[in-house]
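Reader: I would like to go through this model with care, beginning with the terms and then moving on to particular sites. Could you put each cut-off in place as it is needed?

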Amino acid sequence: MYHLAKGLYRLATSKEEYSVILLGLDNAGKTTFHEQVKALFHPDQPEPKLRTVPTVGQNVSTITLPDMYLKLWDVGGQLSLRALWHSYYSSCHAIIFIIDSTDIGDGQIERDQNNGRLDECRAVLEDVLQHSETEGVPLLILANKQDREDCVEVVRIKEGLVKKVFEGEKSASIRDSRVLPVSALTGTGVREAVEWVRSRVKWNKESRPPVMR
Ligand SMILES: Nc1nc2c(ncn2[C@@H]2O[C@H](COP(=O)(O)OP(=O)(O)OP(=O)(O)O)[C@@H](O)[C@H]2O)c(=O)[nH]1
Ligand SMILES: [Mg+2]
């Protein structure tokens, strides 16, 4: 009887847990974004810690939403650390790829002029999407640092970078994806980003079932 009651109690109180991995080049703003999410959704930590240092290893946190736990994995984006990303792919339910919108020239791939880290960004994103274990996983691309005057607008990033990446992706049609403008520093767009992920991991739960906690 005790075990039955305990089982029923567990069932009634448990929630689905989904994992989200934050990817992007070093300095893109992953940790800053992560801190803003924690500040928004952790009642005991209302002030985001915005003085970040380059991530070596990982920062992990779990936020509680009405219908799920969302576990965020913030990993280092430096070249030498990108080789570790693949170990998160098979267990993630969504990918947030963060772009520094001030470090991609004018966002247009064909141009010969200096385009910052646009080519590197494209190659890294393509590499993530081509990995067999990320197939079909919802992808949110964040055009970050939109608070800065020298940023490239989100429409240009969609037309220039994202369209080009998807043209080469075999499974683009079956992957749910979105590009959103954000400023991780000011917090603008962060709530919308979490909301998009929340809805998409649920839609995709047949393909990537959540863990019950
Ligand atoms: N103006 C502006 N600066 C930002 C924004 N987001 C991040 N930054 C700055 O960009 C720098 C790098 O931010 P991080 O969040 O540490 O970058 P990261 O992607 O975690 O970098 P790695 O851990 O090395 O992969 C810091 O100086 C941040 O303050 C933003 O939205 N606007
Ligand atoms: Mg970091």
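Author: A salt bridge is taken here as a side-chain nitrogen of Lys or Arg lying within 4 Å of a carboxyl oxygen of Asp or Glu. The model is predicted, so local features need pLDDT of at least 70 and side-chain atom pairs count only at pLDDT 80 or more, while totals for chains, interfaces and linings use all residues. Side-chain values use heavy atoms, with hydrogens and water left out, residues are numbered from 1 along each chain as its sequence is written, and chains are lettered from A and ligands numbered from 1 in the order in which they are written.

Reader: How many salt bridges does a search of the whole structure find?

Author: The criterion is the nitrogen-to-oxygen distance within 4 Å. Applied to the whole structure, the search gives a count of 15 salt bridges.

Reader: How many residues apart in sequence are the parts that Asp26 and Arg82 tie together?

Author: Their side chains meet in a salt bridge at 3.2 Å, N to O. Helices (H or I, at least four residues) and strands (E, at least two) are DSSP runs numbered from the N terminus. Asp26 belongs to the loop between strand E1 (16–23) and H2, and Arg82 to the loop between strand E3 (68–75) and helix H3 (86–89), so the parts tied together are apart in sequence by 56 residues.

Reader: Is Arg82 buried or exposed?

Author: Buried means under 20% relative accessible area, exposed over 50%, and partly exposed in between, with a 1.4 Å probe and protein chains only. Asp26 counts as partly exposed because its relative accessibility is 24%. Arg82 has a relative accessible area of 14% and is therefore buried.

Reader: Which residues are linked with Asp26 and Arg82 in a network of salt bridges?

Author: The pair Asp26 and Arg82 is part of a network of salt bridges.

Reader: In which helix do Arg122 and Glu126 both lie?

Author: The side chains of Arg122 and Glu126 meet in a salt bridge of 3.0 Å, N to O. Arg122, at a relative accessible area of 23%, is partly exposed, and Glu126, at 21%, also counts as partly exposed. The two are four residues apart, about one turn of the helix, and that helix is H4 (residues 118–130).

Reader: Which residues coordinate the magnesium ion (ligand 2)?

Author: Donors are N, O and S atoms within 2.8 Å of the metal (3.2 Å for Na, K and Ca), and since water is not among the atoms, sites may look incomplete. The coordinating atoms are the OG1 atoms of Thr31 and Thr55, at 2.0 Å. Thr31 lies in helix H2 (residues 30–41) and Thr55 in the loop between H2 and strand E2 (58–65), so parts 24 residues apart in sequence are tied together by the pair.

Reader: With which residues is Ala193 in contact, leaving aside its neighbours within four places in sequence?

Author: Contact means heavy atoms within 4.5 Å. Ala193 lies in helix H6 (residues 190–203) and counts as buried because its relative accessibility is 0%. Apart from those neighbours, its contacts are Phe33, Leu140, Leu142 and Leu180.

Reader: Which residues does Cys151 touch, not counting those up to four places away in sequence?

Author: Cys151 sits in the loop between strand E5 (139–144) and helix H5 (154–167). Its C-alpha is 9.6 Å from that of Gly107, 44 residues away in sequence. With that range of neighbours excluded, Cys151 touches Ser101, Thr102, Lys145 and Gln146.

Reader: What radius of gyration does the protein have?

Author: The radius of gyration is taken over C-alpha atoms, and the globule rule is 2.2 Å times the number of residues to the power 0.38. Along its principal axes the C-alpha trace spans about 75 × 40 × 30 Å. For 213 residues a compact globule would come near 17 Å, which agrees with the protein's value of 18 Å.
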